[in-house]
Amino acid sequence: KTLFHIFEQFLDDQTRSDLLSERSQLVDTDIWNALFEFQKDGVKGAINKILNHNGCIIADSVGLGKTFEALAIIKYFELLNYKVLVLCPKRLRDNWTVHQAQNNSELNLFLKDRFSYTVLSHTDLSRDGGWTADINLATVNWGNYDLVVIDESHNFRNNTRGKRDEDGNVIRKSRYERLMEDIIQSGIKTKVLLISATPVNTNLKDLRNQIYFLTEGREDAFHASLGIASIGDTLAIAQRTFTEWAKKGKAHQTIELLDKLTSAFFKLLDALTIARSRKHIQKYYSDSITQLGGFPERLKPVSRVAEIDMMGRFMSYDRLNDEISNYQLSLFNPSKYVLPEYQARYDEAAVRHFRQSDREHYLIGMMKVNFLKRLESSIHSFALTMKRTIEKIEALQQRIERFKEFRTENPDLDFDDLIIEALDDDELQEAMQVGKKFTYRMAHLDIGAWQKDLRRDLEGLQILYSSARDVNEERDAKLTELKELIAEKVKHPTTDKQGRPNRKVLIFTAFADT
C-alpha cells in the first residue's frame with residue numbers, strides 16, 4: 001500500500017458530521033444541482049474547512065468528480081463576491097475555461113451560473129510578461145485574489161528555490177516562490193483550495209509543502225485552533241513512524257501503523273483534507289451509486305509483448321542496446337574536444353554544481369535511453385529520431401566546414417579575440433561557435449578529432465535509420481497486433497453488468513509521433 005492510501009483509509013472512516021449548512025444561493029445554482037450526494041457532502045466539508053482553516057485539500061480518488069466539486073466551492077465564494085484565481089497545468093486549461101461566463105457555447109454546462117474566475121497555467125508563474133489568452137501577465141495584480149484554486153497541486157510538492165546570484169539575491173523566483181510570495185502572502189488575505197488525487201508522492205514533505213500555502217508558510221498557524229505547534233514536526237514524526245513500520249515487512253498490519261501515528265497527525269489530516277475512495281462511496285452512498293449505474297468493473301490488465309519486425313530483419317532490443325552503447329554521440333559533447341590551452345577558461349565558466357562536461361555526459365546517457373524508449377513506443381518514432389539526429393549531425397558538420405573555410409581565407413585573423421557578434425554574416429556567426437546556454441568557440445576545439453567522431457556516429461545512425469525505415473506498416477509487428485486486438489474487441493466486446501456491449505478503445509502513446 002502507498003503511504004497516502006493508508007491515510008486515506010483513515011479518512012474513509014470519518015463521519016459526515018459538522019458539514020456546512022446549505023446556503024439557498026448555492027442550492028439554486030446549476031453546478032450544485034449537477035452534483036451527486038457524496039459530491040455535495042464533499043463540497044460542504046471543503047467549504048467548512050476553508051472557512052475554519054483558510055484552506056482545504058480535496059484528494060478524492062480519480063473519477064469521483066473533483067473538478068465539479070471545486071466548481072461548486074468556487075461558486076459559493078463567488079456569491080460572497082470573492083475574486084477567484086484557478087491555477088492549472090496548461091494541458092488542463094480547457095477543462096476550466098469551458099465553464100467561464102464568457103464562453104457562450106453549448107459545451108458550457110453551467111452558463112447560467114456566470115462563473116467569473118480567472119484561469120492561468122502553472123507555467124505562467126514563471127513568466128513576467130506576455131499573454132495567456134486575453135490576459136496580459138505584465139499587468140496582473142497577483143496579490144488581489146481572495147481564493148486561489150490549484151489544480152493538480154502535487155506539482156508544487158517541492159518548495160524549490162529560484163535562481164540566485166553569488167550574493168544570494170533573487171534573479172528569478174521559482175513557481176513555488178511566485179505562488180507563495182506574490183499571490184498568497186502579498187496583498188489581501190487569500191484562501192486556498194488544493195486539488196490532487198496524489199498529494200503525497202514519496203514523502204510527507206510533499207504534503208507539508210502544499211499545506212504551507214494554507215498557512216502562508218507559518219509552522220505554528222494551527223497552534224491555537226488545533227493545538228499543533230509545528231506542521232513540519234508533526235509530519236516529520238509521522239514520516240519516521242511510517243518508515244520504521246514499512247521496514248518490518250508485509251506481515252505487520254495497517255492497524256499497527258494507525259496506533260503508532262500521533263493524534264496531532266490525524267487531527268491535521270481531518271482538519272484540512274477531503275479524501276474519499278470508491279470503497280467509501282460504495283459504503284456510505286449506495287443511493288448515489290445506483291444513480292451512477294455503479295462503478296465499472298476493473299478487469300485485470302493483460303500484457304502483450306510484440307516483436308518489432310514481422311519479417312524478423314530488424315535487430316533485437318538487446319542488440320540495439322549494445323549498438324547504441326558504442327556510439328559516442330559526440331554531437332552532444334563539445335566539451336570533450338576543448339584544446340588543453342583553453343580548458344581552464346571553460347572550467348571557470350562552468351555552471352554551478354556541475355561542470356559542463358558532466359552535464360553533457362548525462363545528456364548523452366539520456367539520449368541513448370530515449371532512443372530505446374522511442375523504439376519501445378513504435379518503430380516509426382524510432383526512425384524519426386534517427387533521422388532528426390542524423391540531420392543535426394549533418395548541420396553541425398556543415399558549420400564546422402564553414403568555420404574551416406573562413407579560417408583558411410583569413411590566416412592572419414586572431415580567432416581567439418575575434419568579436420563574433422561583429423560579423424555581418426548570420427550564418428558565419430553561427431559557424432564560429434556551438435552551444436546554446438553554454439557556448440564553445442570553434443577556434444578552441446580540436447575540430448579534426450570532433451569531425452572524425454561525428455562521422456563514426458553518423459555511419460552507425462544511418463544504418464539504423466535505413467533499417468528502421470524499411471519496417472513499413474505491413475512489417476510493423478506491434479501495429480499488426482494492435483489492429484488484431486481492436487478487431488477482436490469489435491467482434492467480441494466486453495459487456496457491463498446490464499449486458500450492454502462496450503466497443504470503446506482508448507489508446508495512449510508515450511510519444512505524439514507514434
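Of the 514 residues of the protein chain in this predicted model, 45% count as buried. The chain is built from 21 helices and 14 strands, and its C-alpha atoms fill a box of roughly 85 × 65 × 60 Å when taken along the principal axes. Among the contacts with a separation of 6 or more, 72% are between residues 24 or more positions apart.

**Nonpolar cores**

- The largest nonpolar core has 48 residues, and the ones with the most contacts inside it are Phe314, Phe382, Met432 and Trp450.
- At least two residues of this core come from each of helix H15 (317-325), helix H16 (340-348), helix H17 (356-377), helix H18 (379-409) and helix H20 (447-469), and H18 gives the most, with 10 residues.
- Phe382, once its neighbours within four places in sequence are left aside, is in contact with Phe314, Leu320, Phe371, Arg374, Leu375, Leu464 and Ala468.
- As general background, nonpolar side chains tend to be buried together in soluble globular proteins.

**Helix H4 with helix H5**

- Helix H4 (residues 37-53) and helix H5 (residues 66-78) have axes that come within 9 Å and cross at roughly 50°, which makes H4 oblique to H5.
- The crossing of H4 and H5 is right-handed, and the residues that make the contact are Gln39, Val43, Ala46, Ile47, Ile50 and Leu51 on the H4 side, with Glu69, Ala72, Ile73, Tyr76 and Phe77 on the H5 side.
- Sorted by class, the contact of H4 with H5 consists of 9 nonpolar, 1 polar and 1 charged residues.

**Helix H10 with helix H12**

- Helix H10 (residues 231-247) packs with helix H12 (residues 263-272) at an angle of about 115°, their axes being 9 Å apart, and H10 is therefore roughly perpendicular to H12.
- The crossing of H10 and H12 is left-handed, with the contact made by Ile231, Thr234, Leu235 and Ala238 of H10 and by Ala264, Phe265 and Leu268 of H12.
- The residues of this contact of H10 with H12 divide into 6 nonpolar, 1 polar and no charged.

**Helix H7 and its surroundings**

- Helix H7 (residues 175-184) and helix H8 (205-215) pack at an angle of about 15°, with their axes 10 Å apart, and the two helices are therefore roughly parallel to each other.
- The crossing of H7 and H8 is left-handed, and the contact is made by Tyr176, Leu179, Met180 and Ile184 of H7 together with Asn209, Tyr212 and Phe213 of H8.
- By class, this contact of H7 with H8 has 6 nonpolar, 1 polar and no charged residues.
- H7 is mostly covered, since 8 of its 10 residues are buried, and the buried residues are Tyr176, Glu177, Arg178, Leu179, Met180, Asp182, Ile183 and Ile184.
- Besides H8, the elements against which the buried residues of H7 pack are strand S2 (84-88), strand S6 (147-151), strand S7 (163-164) and strand S9 (191-195).

- Leu147 lies in strand S6, one of the strands against which the buried residues of H7 pack, and Leu147 counts as buried because its relative accessible area is 0%, under the 20% cut-off.
- With its neighbours within four places in sequence left aside, Leu147 is in contact with Phe77, Tyr82, Lys83, Val84, Leu85, Thr190, Lys191, Val192 and Leu193.
- Leu147 and Lys189 are 42 residues apart in sequence, while their C-alpha atoms are 8.6 Å apart in space.
- Asp220 is placed in the loop between helix H8 (205-215) and helix H9 (223-226), and Asp220 is partly exposed because its relative accessible area of 43% falls between the cut-offs of 20% and 50%.
- Leaving aside its neighbours within four places in sequence, Asp220 is in contact with Ile228 and Ala229.
- Asp220 and Asn155 are 65 residues apart in sequence and, from C-alpha to C-alpha, 24 Å apart in space.

Note on methods:
Residues are numbered from 1 along each chain as its sequence is written. This is a predicted model: local features need pLDDT of at least 70, side-chain atom pairs count only at pLDDT 80 or more; totals for chains, interfaces and linings use all residues. Side-chain values use heavy atoms; hydrogens and water are left out. Helices (H or I, at least four residues) and strands (E, at least two) are DSSP runs, numbered from the N terminus. Buried means under 20% relative accessible area, exposed over 50%, partly exposed in between (1.4 Å probe, protein chains only). Contact means heavy atoms within 4.5 Å. A nonpolar core is a set of buried Ala, Val, Leu, Ile, Met, Phe, Trp, Tyr and Cys residues joined through side-chain atoms within 4.5 Å. Axes are lines fitted to C-alpha atoms, for helices over the stretch in contact, and angles run from 0 to 180 degrees between N-to-C directions. Angles under 35 degrees count as roughly parallel, over 145 as roughly antiparallel, 65 to 115 as roughly perpendicular and the rest as oblique. A crossing is left-handed if the near helix is turned anticlockwise from the far one by less than a right angle, and right-handed if clockwise. Ala, Val, Leu, Ile, Met, Phe, Trp, Tyr, Cys and Pro count as nonpolar, Asp, Glu, Lys and Arg as charged, and the others, Gly among them, as polar.
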